[in-house]
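Here's a quick tour of a few residues worth a look. Have the sequence and the model open while you read.

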Amino acid sequence: MDVKYINPFLSAVKNVFETMIEVPYTLGKPTIKKDMTSTFEISGIIGISGEVTGCVVVSFPEKIALELASALLGEKLEKVNSDCTDAIGEIANMVAGDAKKDFPQTNTTISVPSVVLGLHRIAFPKGVPIISIPCQTEKGAFAIDVAIKMT
């Protein structure tokens, strides 16, 4: 996978976390993910199609999902409910949408986010490396997994 498609996600996380969620974070070193299981138990999944195809998965442990959803909504969420899953979907949507604007190809669309709860497998595209970007907040870790290719 070309770095031209990873760097936009690094920039997008920065933009979303600094301007929309206002939660301090750090990015770890991207690595190749070896399996198709989710990194954590709550995932926002965005499909990408057009000149670039694949998917982006923003995966959170429940505690971090609740913290980030609460920060985004401006109200304390105590449990994973429809408000929380909507917020997680919106976080995934904001990251994917912000990254897409920096892709070298402009004929690319993103899907409406899906949110999956519980440990799960992701149907990443076959034959495409999965780049996992670890992220850390003061409350704990989450991950962004990117598997995209040129069509």
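Leaving out residues up to four places away in sequence, Thr108 touches Ile48, Ser49, Gly50, Glu51, Val52, Lys100 and Phe103, where contact means heavy atoms within 4.5 Å. Thr108 sits in strand S5 (residues 108–110); strands here are DSSP runs of E with at least two residues, helices are runs of H or I with at least four, and both are numbered from the N terminus. From Thr108 to Gly50 it's 4.4 Å, C-alpha to C-alpha, although 58 residues separate them in sequence.

This is a predicted model, so to speak of local features takes pLDDT of at least 70 and side-chain atom pairs count only at pLDDT 80 or more, while totals for chains, interfaces and linings use all residues. Residues are numbered from 1 along each chain as its sequence is written, and side-chain values use heavy atoms, with hydrogens and water left out.

| Residue | Relative accessible area | Class |
|---|---|---|
| Thr108 | 3% | buried |
| His120 | 11% | buried |
| Glu22 | 61% | exposed |

His120 belongs to the loop between strand S6 (114–117) and strand S7 (130–137). Its side chain makes a 2.9 Å polar contact with the side chain of Ser43; that term means N or O atoms within 3.5 Å, and within protein one must be able to donate a hydrogen and the other to accept it, with sequence-adjacent residues counting only if both atoms are side-chain atoms.

Glu22 lies in the loop between helix H1 (7–21) and strand S1 (25–27), and its phi is near 55°, a positive value in a non-glycine residue.

How values were computed. Buried means under 20% relative accessible area, exposed over 50%, partly exposed in between (1.4 Å probe, protein chains only).
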